[in-house]
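I opened the notebook to record what I looked up, one entry at a time. The sequence and the structure come first.

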Amino acid sequence: MDELIPKVKSLIITSLRLKDIRPEDIKDDAPLFGEGLGLDSIDALELVVALEKEFGIKIPDEDVGKDAFTSVSALANYIKKNKSLT
């Protein structure tokens with residue numbers, strides 16, 4: 001898990017082309033949407049594609065996505081739980 005969180009942060013930055021943000025700027029438990037990192041629905045779509053490609057996971061619907069995208073930690077937990085199923 002300790003290795004997965006930095007990978008997720010780097011993937012968020014590169015796939016969304018966030019130029020002024022470094023991985024260490026993203027708090028593990030901060031919200032990704034709204035007041036946290038400030039991502040929007042377009043960012044979510046781009047991020048889903050990148051995560052599915054990079055980690056071989058599936059985010060099947062919006063309800064699963066809402067839970068998985070709560071924070072970087074939640075996303076890393078989702079990847080860890082679902083990567084072994086693919």
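Predicted model: local features only at pLDDT ≥ 70, side-chain atom pairs only at ≥ 80, totals over all residues.

**Entry 1. Helices α1 and α2**

How close do the axes of α1 and α2 come, and at roughly what angle do they cross? I started from the general point that two packed helices are described by the angle between their axes and the distance between the axes. The axes of α1 and α2 come within 10 Å, and they cross at roughly 130°. Because of that angle, α1 is oblique to α2. I also looked up the handedness: the crossing in which α1 passes α2 is right-handed. On the α1 side, I listed L4, K7, V8, L11, I12 and S15 as making the contact. On the α2 side, I listed E46, L47, A50, L51, E54 and F55. Sorted by class, the residues of this contact are eight nonpolar, one polar and three charged.

**Entry 2. L11**

Is L11 buried or exposed? Its relative accessible area is 12%. Buried means under 20%, so L11 is buried at 12%. Leaving aside neighbours within four places in sequence, I found L11 in contact with L16, A50, L51, E54 and F55. For L51 I also checked the C-alpha separation from L11, and the value is 7.8 Å. Along the chain, L11 and L51 are 40 residues apart.

**Entry 3. Helices α1 and α4**

Next I looked up α1 with α4. The axes of these two helices come within 9 Å and cross at roughly 110°. The angle is why α1 counts as roughly perpendicular to α4. Here α1 passes α4 in a right-handed crossing. From α1, the residues that meet α4 are L4, I5, V8, K9 and I12. Their partners in α4 are V72, S73, L75, A76, I79 and K80. By class, I wrote down eight nonpolar, one polar and two charged residues for the contact of α1 with α4.

**Entry 4. The nonpolar core**

How many residues does the largest nonpolar core have? I read off 24 residues. Those with the most contacts inside the core are V8, L51, F55, F69, L75 and I79. At least two residues of this core come from each of α1 (4-15), α2 (41-55) and α4. The largest share, six residues, is supplied by α1. Not counting residues up to four places away in sequence, I79 touches L4, V8, L51, F55 and I57.

**Entry 5. K83**

Where is K83? I found K83 in helix α4, which covers residues 72-83. The relative accessible area of K83 is 43%, so K83 is partly exposed. Apart from neighbours within four places in sequence, K83 is in contact with F55 and I57. I also checked K83 against G56: the two are 27 residues apart in sequence, and their C-alpha atoms are 6.4 Å apart in space.

**Entry 6. R17**

Last, I looked at a backbone angle. Most residues other than glycine have a negative phi. R17 is not a glycine, yet its phi is positive, at about 50°. Where does R17 lie? I located R17 in the loop between α1 and α2. Its relative accessibility is 58%, so R17 counts as exposed.

Terms used. Residues numbered from 1 in each chain as written. Heavy atoms only, no water. Helix = DSSP H or I, 4+ residues; strand = E, 2+ residues; numbered from the N terminus. Buried < 20%, exposed > 50% of the residue type's maximum accessible area, 1.4 Å probe, protein only. Contact = heavy atoms within 4.5 Å. Core = buried A, V, L, I, M, F, W, Y, C linked by side-chain atoms within 4.5 Å. Axes fitted to C-alpha atoms, helices over the stretch in contact; angles between N-to-C directions. Parallel < 35°, antiparallel > 145°, perpendicular 65-115°, else oblique. Left-handed = near helix turned anticlockwise from the far one by under 90°. Nonpolar A, V, L, I, M, F, W, Y, C, P; charged D, E, K, R; others polar.
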